[in-house]
Amino acid sequence: MPSPESYFPADYRQARKAFIAACEKAGIDSIARVHPSAKGPDGKPLFIDSAALGPRHAKKALLLIAGTHGVEGYFGSAAQSGLLRQGLAPPAGARVVLVHALNPYGFAWDRRVNEDNVDLNRNYVDHAHPPDNPDYALLAEAIAFSDADPQSVAAADAKLAAYGRAHGTPALREAICRGQYRFPHGLHFGGTTESWSHRMLRAILAEDLARVEKLVVIDFHTGLGESGAGEMIVEAMPDSAHYARARAMWGAMATSSETGEAVSGPLTGTMDQAVAGWLPKVELTYAALEVGTSSFQTVFDALRRDNWLHYFAQDQRLAPEIGRQIRAAFYPDTPAWKRAVFAHAERAVQGALAAL
Ligand SMILES: [Zn+2]
């Protein structure tokens, strides 16, 4: 069997090829949905590809989503292609649906956001009445600085540190990460309308999971937690049935984002909430498999510099350097990290399949 490292792609284009080839080898067809406007750095079209194993009318299913956050897709893509190559198969009567590169723009350009600077995992709100994030508003200029000279960045950092001292580090991180709908050139912007990827995900669910009564979702992410560590983050309180199901599948890997035990705090407009809303009668167990890469500060600084480059820089001289920085922040290109995180993916998928 090939080593897990060999499943990790060099870029979006290679990831897509590997996914389609793995589907062919597994004897299933993949379906391509072309992005209506965005193109990759090579000038070519971008796609969400999806595929399914098992009967169309299955009542139980596992949904695997890769590349919700673009540049985090190296991991999710490797998990999907690698598990397919290793013979991924649903139990009798169940279905496995794979969605590859939900945010193909971000994947192709090594960015976490989509073509409109939208964080897809904050996009699923009522855009006529988006949630407010007054703490982000207070810190907006310090979070997403418009001036990258060292003195200005130091002043921005000092402002954030003061907030952290006054309210605690978890509150500071929540202000930054929770999601915001007022600053289109800021971080964790949830958008002003339903994104293309959002519509495509809903369409895939309607086509591929129409009859499902019991659904497990694993959405692959990177960037939070200790390097190589993995958590199944569930948006549910520990006393809920949802959380109990996650614990039964994943043991201590399952953590709640609502209590401070997970590497992520509460968020707004997530896909968890969207899928629950689209499939109200389904017994849904939804987890983000979050694997760590670098420190919070390292990842945060990469996101701020990438944001500055795209919206505030006078020129693009620093584009190659910042591109390498953000890619490294979400994708540590080392054999040890790849083996560790692929093992988390294997365990997560095995736990879900056993529960089906
Ligand atoms: Zn993510």
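Helix 12 (residues 335–355) buries Trp 337, Lys 338, Val 341, Phe 342, His 344, Ala 345, Ala 348, Val 349, Gly 351, Ala 352 and Leu 353. Buried means under 20% relative accessible area, exposed over 50%, and partly exposed in between, with a 1.4 Å probe and protein chains only. This is a predicted model, where local features need pLDDT of at least 70, side-chain atom pairs count only at pLDDT 80 or more, and totals for chains, interfaces and linings use all residues. Residues are numbered from 1 along each chain as its sequence is written, and side-chain values use heavy atoms, with hydrogens and water left out.

**Helix 12**

- Helices (H or I, at least four residues) and strands (E, at least two) are DSSP runs, numbered from the N terminus.
- Helix 12 has 21 residues. From its first C-alpha to its last it reaches 30 Å, close to the 30 Å expected at 1.5 Å a residue.
- The expected span is 1.5 Å times one less than the number of residues in the helix.
- An α-helix has 3.6 residues a turn, so residues three or four places apart point the same way.

**The zinc site**

- His 69 (ND1), Glu 72 (OE), Glu 72 (OE) and His 221 (ND1) are the protein donors of the zinc ion, lying 2.0 to 2.7 Å from it.
- Donors are N, O and S atoms within 2.8 Å of the metal (3.2 Å for Na, K and Ca); water is not among the atoms, so sites may look incomplete.
- Along the chain, the zinc donors follow the spacing H-x2-E-x148-H.
- Glu 72 sits in the loop between strand 3 (60–65) and helix 2 (73–85), and His 221 in strand 5 (residues 214–227), so the pair ties together parts that are 149 residues apart in sequence.
- Both Glu 72 and His 221 are buried.
- The four donor atoms make angles of 52 to 146 degrees, and the site is irregular.
- Four donors count as tetrahedral if all angles lie between 85 and 135 degrees; four count as square planar and six as octahedral if opposite donors are over 155 degrees apart and all others between 65 and 115; anything else is irregular.

**Pockets**

- On a 1 Å grid over the protein atoms alone, a cavity is a set of points where a 1.4 Å probe fits but cannot get out; a pocket is an open set with protein on both sides within 12 Å along at least five of seven lines; lining residues have an atom within 4 Å of a point.
- Grid points are joined across faces, edges and corners, and a volume is the space filled by probe spheres set on the points.
- The largest pocket has a volume of about 740 Å³. Its lining holds 40 residues, and Cys 177, Leu 224, Val 263, Ser 264 and Gly 265 lie nearest its centre.
- Helix 6 (169–177), strand 5, strand 8 (283–292) and helix 10 (296–311) each give two or more residues to this lining. Helix 6 gives the most, with six.
- By class, the largest pocket's lining has 15 nonpolar, 16 polar and nine charged residues. Ala, Val, Leu, Ile, Met, Phe, Trp, Tyr, Cys and Pro count as nonpolar, Asp, Glu, Lys and Arg as charged, and the others, Gly among them, as polar.
- The second largest pocket has a volume of about 190 Å³. Helix 11 (319–330) gives the most to its lining, with five residues.
- Four nonpolar, two polar and five charged residues line the second largest pocket.

**Cavities**

- The whole structure has two cavities of 30 Å³ or more.
- The largest cavity has a volume of about 90 Å³. Its lining includes Arg 111, Asn 117 and His 188.
- That lining divides into three nonpolar, four polar and three charged residues.
- The second largest cavity has a volume of about 50 Å³. Asp 132 and Tyr 136 are among its lining residues.

**Single residues**

- Asp 132 lies in the loop between helix 3 (104–108) and helix 4 (134–143). Asp 132 counts as exposed because its relative accessibility is 53%.
- Most residues other than glycine have a negative phi.
- Ala 101 has a positive phi, near 60 degrees. Ala 101 counts as buried, at 1% relative accessibility.
- Asn 117 is not a glycine, yet its phi is positive, at about 65 degrees. Asn 117 counts as buried, at 2% relative accessibility.
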